Amino acid sequence: MVLETERLVLREMKPEDDQALFLVLGDPENMRHYPCTFDERNVKDWIERNRNRCEKDGFELWAVCLKETGEVIGDCGLTLQKIHGEILPEIGFHIRRDCQRNGYAKEAAGAVRDWAFGTTDVPAVYSYCRYTNGPSIKTAESIGMHVVCEYPDETNGMTHVSAITRKEWLEEITENTVL
Ligand SMILES: CC(C)(COP(=O)(O)OP(=O)(O)OC[C@H]1O[C@@H](n2cnc3c(N)ncnc32)[C@H](O)[C@@H]1OP(=O)(O)O)[C@@H](O)C(=O)NCCC(=O)NCCS
């Protein structure tokens, strides 16, 4: 499975993406809203877990690559997550720090949203993070999501949940379609 956008390719993670993804997930500053930063072993496990998710669920977090060079600059995709006690489809994203603020997360997450509604029957897609993670919340909003709730939990202290429903997505497409 490969998703293409104007500047990006999203493809299945490979074991040899570990060094590139370590630069993203092993960066303490980038992971400041997470309970911990990944070490090299965690990154290898992360890649393996995502490769297995595809077989089990039909989707996963994909490697985000620059179309021009093929360089892996992060990950983005759809996974099933326990959010406020429910198993829900979640769009996740991590972009290497020196590549941020270029619209890459928005571009990748928008493509994942369209893929989710276009090829699966999920009624809504979600995004969740620690309530202090402004860049993550802003990225969710940039693809049409809105706040659903905040709830206290052990990992995040307070978790912030955003979502867009299929109906809202369809309305947005219709509004943006030039007749
Ligand atoms: C969240 C993250 C993926 C955003 O990546 P990015 O490529 O810089 O995001 P984009 O450039 O596509 O920006 C998306 C939107 O968020 C906004 N945004 C991104 N970073 C921001 C920041 N630091 N402060 C304010 N707004 C920010 C952008 O302005 C844009 O909104 P707009 O389209 O309305 O202008 C990146 O900050 C990251 O990897 N963070 C660490 C990992 C993480 O916490 N991931 C979330 C998992 S819960």
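Helices, taken as H or I runs of at least four residues, and strands, taken as E runs of at least two, are DSSP runs numbered from the N terminus. By that definition, the protein chain of this predicted model contains five helices and eight strands. Read along the sequence, these elements follow the pattern β-β-α-α-β-β-β-α-β-α-β-β-α.

**Overall form**

The protein chain has a radius of gyration of 16 Å, which agrees with the value near 16 Å for a compact globule of 179 residues. Along the principal axes, the C-alpha trace spans about 45 × 40 × 35 Å. Of the 179 residues, 49% count as buried. Among contacts with a separation of 6 or more, 57% come from residues 24 or more positions apart. The chain exposes about 9,600 Å², and carbon and sulfur atoms supply 51% of this area.

**The β7–β8 pair**

Strand β7 covers residues 146-153 and strand β8 covers residues 157-165; the two pair in the antiparallel sense over seven bridges. A hairpin of three residues joins β7 to β8. Asp 153 has Gly 157, in β8, as its bridge partner.

Helix α3, residues 104-119, includes Arg 113. Is this residue buried or exposed? Arg 113 has a relative accessible area of 11%, and because buried means under 20%, Arg 113 counts as buried. Leaving aside residues up to four places away in sequence, Arg 113 touches Ile 91, Val 125, Ile 143, Ile 164, Trp 169 and Glu 172. For one of these, Ile 91, the C-alpha atom is separated from that of Arg 113 by 7.4 Å, although the two residues are 22 residues apart along the chain.

**The ligand site**

The ligand is surrounded by 20 residues, of which the closest are Phe 93, Ile 95, Arg 101, Gly 103 and Asn 133.

| Residue | Protein atom | Ligand atom | Distance |
|---|---|---|---|
| Ile 95 | backbone N or O | oxygen | 2.8 Å |
| Asn 102 | backbone N or O | oxygen | 3.4 Å |
| Lys 106 | backbone N or O | oxygen | 2.8 Å |

On its own, the ligand has 930 Å² of accessible area, and the protein covers 77% of it.

Terms used:
Residues numbered from 1 in each chain as written. Predicted model: local features only at pLDDT ≥ 70, side-chain atom pairs only at ≥ 80, totals over all residues. Heavy atoms only, no water. Buried < 20%, exposed > 50% of the residue type's maximum accessible area, 1.4 Å probe, protein only. Contact = heavy atoms within 4.5 Å. Pairing = 2+ DSSP bridges. Near = heavy atom within 4 Å. Polar contact = N/O pair within 3.5 Å; in protein donor to acceptor, adjacent residues only side chain to side chain. Areas by Shrake-Rupley, 256 points an atom, 1.4 Å probe, with all protein chains shown as cover. Rg over C-alpha atoms; globule rule 2.2 N^0.38 Å.
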